[in-house]
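Biologist: I would like to know what stands behind the terms used for this model. Please set each value against its cut-off.

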Amino acid sequence: MNGAPILRAEHLSLRYPGGKQAVSDVSLSISAGTTLGIVGESGSGKSTTAKMILRLLKPAAGGSVVFDGVELTSLPQRSLKRIRRRLQVIPQNPQASFNPRMTVGASVAFNLRVHGATRSVAWDRAAHMLDRVGIPAAYAHRFPRELSGGQLQRCAIARALITEPELVVCDEAVSALDKSVQAQVLNLLAHIQAESGIAYLFVSHDLAVVEHVADHVLVMQHGRVVEEGTAAQIWSAPSQPYTRSLLDAAPDRLLARKPTPSTHAATAWKAPLD
Ligand SMILES: Nc1ncnc2c1ncn2[C@@H]1O[C@H](COP(=O)(O)OP(=O)(O)OP(=O)(O)O)[C@@H](O)[C@H]1O
């Protein structure tokens, strides 16, 4: 990976109360401007790993999550709030992640207001971000139920990016979308990365999706990392039978690979509305 790591997680383990070991000794690092994909079948521990990185779950003793030099696992809540601005999430289900009683514009703006922006600044930025992800200004006054899944996921991207984060955790961020809309949203994320240098942690059970976006890939099975490497290495010469079986089971791998920065202009952000 190029560049300095923006995030380094080491020895992450977690057992849910009364449950089995969900994650065992997972370590990873993500460099600025790159995408780390985590793949694995359902129940392999991907989301639990992502939640520990977001500090929604606390890793077992010995686990460490360092974001831009700051250890998150022991950070007081007040300091954590400052970090949250720089470390955002795009969740799986756009309908469930928006408050149904707020317009989407208000929801996007709210994510900046909680970090101290005035109402007018937050609204201006929200309008700007919605425009950048290809959502027309009038849609800001619509409620989540009045948008399609793809449109709402674009709003979720705008909501995550409004704080100008350095890292965004995308937890099955396109899983709820149709294949064609998936490709649009993935391209949008790639364009944003090329333009802003943002890093992504991209969690997905869908190899086709990870192949499309990731520079570096971790393969998880039963809570452990069983293989890791560049996306090209993993796809062309997987060393583990488990990885091979995941590849064999991905019938509709997307043909397009992550665009390189030189292949797209800033205007390409405004892909057509689905
Ligand atoms: N809140 C919870 N309480 C108890 N066990 C849980 C909880 N959440 C997840 N688990 C268990 O932890 C293990 C890892 O789950 P996790 O959700 O991290 O996997 P995943 O790879 O993200 O799967 P999926 O793609 O289905 O979300 C699974 O065995 C799961 O059943």
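Modeller: Helices (H or I, at least four residues) and strands (E, at least two) are DSSP runs, numbered from the N terminus. Met129 lies in one of them, helix H5, residues 119–132. Residues are numbered from 1 along each chain as its sequence is written. The model is predicted: local features need pLDDT of at least 70, side-chain atom pairs count only at pLDDT 80 or more, and totals for chains, interfaces and linings use all residues.

Biologist: Why is Met129 called buried?

Modeller: A residue is buried if 20 or more other C-beta atoms, placed from the backbone, lie within 10 Å of its own, exposed if 12 or fewer, and partly exposed in between. Met129 has 26 such neighbours inside 10 Å, so Met129 counts as buried.

Biologist: Which residues is Met129 in contact with, leaving aside neighbours within four places in sequence?

Modeller: They are Val108, Ala158, Leu161 and Ile162. Contact means that the C-beta atoms, placed from the backbone, lie within 7 Å.

Biologist: In what order do the strands of the open sheet come?

Modeller: The four strands follow the order S2-S1-S4-S5, with antiparallel pairing. Strands S2 (21–31) and S5 (70–71) are the edges, as each pairs on one side only.

Note on methods: Contact = placed C-beta atoms within 7 Å. Pairing = 2+ DSSP bridges.
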